[in-house]
Amino acid sequence: MTSKSLYFKLVREDLKRRLWAAALIGLGCFFMFPVVAAFLAGEIRDFASYEKGLEAYTRDMSAWLSFDNAFMTFCMIVAALICGLSSFSYLNAKNKVDFYHSIPVIREKLYAVNYLNGILILAVPYAVSIFAAAVIGISNGMEAAKLWPLVLDSFVLNLIYFVLNYTVVVIASMMTGHLVIGFLGSNVFAFLIPSMAGILQAYFQVFFITYVDHSETLMMRLMHVSPVVEYIYQVAAYAEHQNVWPAALAAALVAVLLAVAGCLLYRKRPSEAAGKAMAFGVSRVIVRIPIVISSALGLGLFFWGMRQNMSWSVFGVICGAVISHCVIEIIYHFDFKKLFSHKLQLLGCTLVSMAVLFTFRYDLTGYERYLPDAESVREAAVCAYSFNNWTSYGQVRQLDDGSYTWDWKNANDYIFEHMHYGDTENLRSIAAVGVDQTAEARRARFARTEPEREMAEKVTADDSENLNTPESEVTTSITIRYTLRSGRHVYRGYNVSLKDIMPQIEKLYQDEQYQKGAFPLMERTVEEIGTIRYKEESRSVGLNQMTVSEKQELLDAYRMEFASLTMEQMKTEYPIGLIRFTRTEDEKAIEWERLQWEWRERNGQVYSRSYDDGNFAAYDYYPVYPSFAQTIRLLEKQGLRPGSCLGDLDIQSIKMICYSNTKEEAVSVMITDPEEIRELKPLLVLGRRGYYNDFCQMDKIYGEIVMTEDGESSIENVNFVRGTVPEFVKERLREAMK
């Protein structure tokens, strides 16, 4: 009983000491939750109907009380700082330390009282306020069954990450003997490792052309060491409707372990540390060295970004090391005379930083030249941007409020997850060319100190040659993830000229495992398909009457022809239309979006019904080429006429345009003869579908067609596949150039 009485007496005395913190946090919680809930409820009557007002109130309150409230995250971090620094603030004054440590109470109990009180100062008013806000929301019409789980999730998750951040601040207080230094120490623990990881990642991005940024890098993992960054990351993940509970439980376990570590530090902390910058001498070196190296590397990178010059980068490294070292020594000793204490440590940090800089600049580790042995690679995943830059990765998802969203997935992430490419010899051939071209790119990138080359002289001798468009060189970004037999993943990215790897890239494209990993449609089953859509312009046509067997037949035909597409076909063919095999959930999202668009149109929020051009109705289309005979036949069987879009237009005139080498302005001729327009019609292509084929080369001659549709005239830009412009057009343009 005496022990319990003493414990609660210590709790009361500590609360009296920190009454200002409790009052500040309690007042903040009151205004953030009950007041906001009541204030927002008053806006319900501002709407035309109670239903609309309640819908808006429910949406706003749910967003405010949810775990993904960014403002609440900021407030929790600030509260952790306030509670953590105030919990053991007496350790910063010698007379207070002597008083507290003279009390006949073991240090573990004294630590527990102050530590737990710091949590209660936030937890109690937060719990009362958020649950009061929930009651106010329910009393104003919100559904209790949906609101209570949201509030409970938010309360528990925020409290877990508050405790984690609070405990880190407590440890910073244990390791320092001054309030300001404790504040700075808290920031060091929160941001030093992420800052180091960010600087290291910046070095990879700046100096290594083949570096691929991905979630598995050591730098990305180190980011999560920071309690603040981890908190923010999980809030963002929650907003994306990801399961954050495993990470939260791990954070709770880490908080418990850190609390135990804080207790051990409290036991070991000497009383005479009060008033000093650091309570433990060994921690000075542990904190100083990474800060000095990070500062040196950061300032060196800054000067490289300004001048791309190694001399300036070396200057930045030296300045960063010296300045940060001197500042830290002043903070440690509270004495300007100690500027250059520990000169050997300063020299060592500077040399390490210089070594890192030179290693990255001159690739001393051979990072850019990495090429694994074929037998050491179990499988690989390859993202060739020119093949799949148009592909939609992700899927539709319905939210709790009935609306829909598209969960985007990065192309690299999807391909790395789904592709199991096994032809490592072919892949090594592609990577070898990438390594060679990377070496050339490095020489060009780092030749900043050499005199700039003179610009090539413009060709002005014969403008007629301007009409014979040479084949332009196509390059593509290729990202590779090697899965080694040891299970380790190695990532590299190259920007490669396709003319140097055309046989290998065509072999890659024809591989079944590549196609299944790069194009989600190749793995889709007919049971997943809701309907099939086809479009040539902004409007799509839904083939809603197709039977399951007809869908299967069209799906098989398209996949077979798409998989058989060759590079030669892609160079000379242009998509005549687009096809989409929608999933059932996609159709629901498209219909929901259509109704939303119509509602906005009725209320004057949009000017035209063009919802097929964006959002859910525009995703996940695949190109249909003129050579897809079986696909075209099956579409015609459904009453469509693929490729007839431009042929059906009433074209009044075609303005043919080409830029001249000898004139600043473009040269143009007008085609109005009906026979000539009829001859040109089959050759015209709409530029907007070029997005689906990077390999088809467009001619330098292009056009503007004036057409009449529904009694109204409009202008549309058109192109020609290289080499298809009729001779009579070229002849007239030559005449206009003279």
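Author: Let's start with Ala80, which is in contact with Phe162, Asn165, Tyr166 and Val169, once you set aside its neighbours within four places in sequence. Keep in mind that this is a predicted model. Ala80 is part of helix α4, which covers residues 70–87. Is Ala80 buried or exposed? Its relative accessibility is 0%, so Ala80 counts as buried; the cut-off for that is under 20% relative accessible area. There's also Gly118 to look at: Ala80 and Gly118 are 38 residues apart along the chain, and their C-alpha atoms are separated by 8.5 Å.

From there, go to the second largest pocket, with a volume of about 490 Å³. Its lining has 25 residues, and the closest to the pocket centre are Val168, Phe189, Ile193, Val225 and Pro227. Which elements give two or more residues to that lining? They are α7 (144–175), α8 (179–207), α10 (227–239), α11 (245–268) and α12 (281–307).

Now for the nonpolar cores. The largest has 69 residues, and the members that touch the most others are Phe387, Ile505, Tyr514, Phe519 and Ile579. Apart from that core lies another one of 62 residues, including Ile25, Cys29, Met76 and Leu147.

Not counting residues up to four places away in sequence, Ile579 touches Ile532, Arg533, Tyr534, Leu554, Tyr558, Asp620, Tyr621, Tyr622, Val624 and Leu635. Asp620 is in the loop between α22 (584–602) and β9 (622–624), and its relative accessible area of 2% makes it buried. What is the phi of Asp620? It is about 70°, a positive value, although Asp620 is not a glycine. For background, most residues other than glycine have a negative phi.

You'll find His342 in the loop between α13 (310–333) and α14 (343–361). Whereas Asp620 is buried, His342 is partly exposed, with a relative accessible area of 39%.

Next, jump to helix α25, residues 727–737, where Val729, Lys730, Leu733, Arg734 and Met737 are buried. Why do they end up on the same side of α25? Because they cover an arc of only 140° around the axis. The elements these buried residues pack against are β10 (650–659), β11 (666–671) and α24 (674–680).

Finally, zoom out to the whole chain. It has 25 helices and 14 strands, and its C-alpha trace spans about 105 × 70 × 50 Å along the principal axes. Of its 738 residues, 48% count as buried. If you take the contacts between residues at least 6 apart in sequence, 77% of them join residues at least 24 apart.

How values were computed:
Residues are numbered from 1 along each chain as its sequence is written. This is a predicted model: local features need pLDDT of at least 70, side-chain atom pairs count only at pLDDT 80 or more; totals for chains, interfaces and linings use all residues. Side-chain values use heavy atoms; hydrogens and water are left out. On a 1 Å grid over the protein atoms alone, a cavity is a set of points where a 1.4 Å probe fits but cannot get out, and a pocket is an open set with protein on both sides within 12 Å along at least five of seven lines; lining residues have an atom within 4 Å of a point. Grid points are joined across faces, edges and corners, and a volume is the space filled by probe spheres set on the points. Helices (H or I, at least four residues) and strands (E, at least two) are DSSP runs, numbered from the N terminus. A nonpolar core is a set of buried Ala, Val, Leu, Ile, Met, Phe, Trp, Tyr and Cys residues joined through side-chain atoms within 4.5 Å. Buried means under 20% relative accessible area, exposed over 50%, partly exposed in between (1.4 Å probe, protein chains only). Contact means heavy atoms within 4.5 Å. The arc is that of the directions from the helix axis to the C-beta atoms.
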